[in-house]
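Reader: I would like to learn how to read strands, helices and cores in a model. Please take them one at a time.

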Amino acid sequence: MKKKLGAVLLSTLMMFTLAACGGNTGTNTASPSSNAGGAPANTTEPAGNEELKPEPGAELRFWTFTTDLKPFTDYAIKEFEQKYNIKVTVEDVGYWDSIGRLSTDGPAGVGADVFGLQTPDVANAAQSGLILPNDYFEEETKSINKPDTVAAATHDGILYGYPWNVYTFSLYYNKDLVKDAKLETWDDIIAFSKKFNDVKNNKYGFLYEPKTSAFDVAFMTGYGGYIFGNNETDVNDIGINNEGSVKGLKFIQSLREIMPLALADATNNLKEGLWGQGKLAINMDGSWAIGEHNKQPFPVGVLPMPKLPGGENAMPLAGSTGYYVSSYTKYPNAAKIFANFITTKEMQIKNNELTGALPAADITGSEQGLRSDELTQGFLKQIASSHRFPGLFETQYVWPALDAAVAEVWNGGDAKAALDKAAEKLKNNIANQK
């Protein structure tokens, strides 16, 4: 899953949203109140405090990862089947593929009953009528999870999802290479890299993937930039070309001095290859890779995103993953019970214990069962100092516009002009979708 989550959970962080991948346009392609047979789904809530009971004969299809998440998936499904006597069949479908698959598999009656989505895709799924609201377990879900994860699982005031984990990125470092170097600010990292770099022998002090603009946003937010206003919820307030964003892009341009690479060459594959060979000292990567980095043959630490020159700490985007109930399910009660069962606070902590994924639950970091290793605890702190990933349908238009701006500036272009162009393109795309 490292490759998937490195390349596509970058998709998480860069996500050219599955509106594009799945071919959805935001219009209803599925009735949120019908199952695969076209009949209305039984979405009636029990009255009062009556317990939600699964439909007789219910069987569920669950789309999730079956690789690195297998220890948790096997555990959770075994516990669920023993408690409810409901058979769950697991299929390996990435979160970023769910909308495209369900749009065709749902009407055919072979889609998932429960499946995963990441922050950028919830609005698309809701607007396309692919998911049912989290109604019966709404209050429980809100009470146990971080507010931002609940917000990420909500569209137009309706909670749809069952938050499961959170993700962001920060700076892994090879302790053998960094040794006792001071790395408290970006100025420190730049100074270290100038001394450490040996470009002829492919040795670098610091690398990241600048062509993935969702990584670049961390430097823009550190200077007061943002994508959408009002905590990434107002598409009428575009901040990608404000003063802070421009300053952040100028800083990115300055990193070319310690990353003397063509943009097309500064890839995740190059970065991870050099990291594994012990030729990269500081590696900007995501929390989804904690398990892989804990397995490296050299000691690995994690740095919080440092302070920018003349600014605040860089603030990486943070998003969340949740599970959702398909509007095509023939067993909505059983599906809701299962989605809730695998995302309780206890199950989220068990998932961290078994796979390293960071819980969406509102935790202190010292809960029994939670991993106490340096990388896990470091990323829990970074999550608390991150910038909310926009979960709006319009987010799909952000990344192509920003990618073009970064490419222009990496090659020597003017940051203000490039971002003004990107903002205009973003505004036009948003206006034309309406």
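Author: Start with the terms: helices (H or I, at least four residues) and strands (E, at least two) are DSSP runs, numbered from the N terminus. Two strands pair if DSSP finds at least two bridges between them. This is a predicted model, in which local features need pLDDT of at least 70, side-chain atom pairs count only at pLDDT 80 or more, and totals for chains, interfaces and linings use all residues. Residues are numbered from 1 along each chain as its sequence is written, and side-chain values use heavy atoms, with hydrogens and water left out.

Reader: In which sense do β7 and β10 pair?

Author: Strand β7 (residues 169–174) and strand β10 (residues 280–286) are antiparallel, with five bridges. Phe169 stands opposite Gly286 in β10.

Reader: What is the order of the strands in the open sheet?

Author: The order of its four strands is β8-β10-β7-β11, and the pairing is mixed. At the edges, β8 (204–207) and β11 (300–303) each pair on one side only.

Reader: How do I read a nonpolar core?

Author: A nonpolar core is a set of buried Ala, Val, Leu, Ile, Met, Phe, Trp, Tyr and Cys residues joined through side-chain atoms within 4.5 Å. Buried means under 20% relative accessible area (1.4 Å probe, protein chains only). In soluble globular proteins, nonpolar side chains tend to be buried together. Here the largest core has 85 residues, and Trp186, Phe206, Phe219, Ile282 and Met284 have the most contacts inside it. Helix α19 (residues 398–410) gives the largest share of this core, eight residues. A second, separate core has 29 residues, including Leu52 and Ile342.

Notes. Buried means under 20% relative accessible area, exposed over 50%, partly exposed in between (1.4 Å probe, protein chains only).
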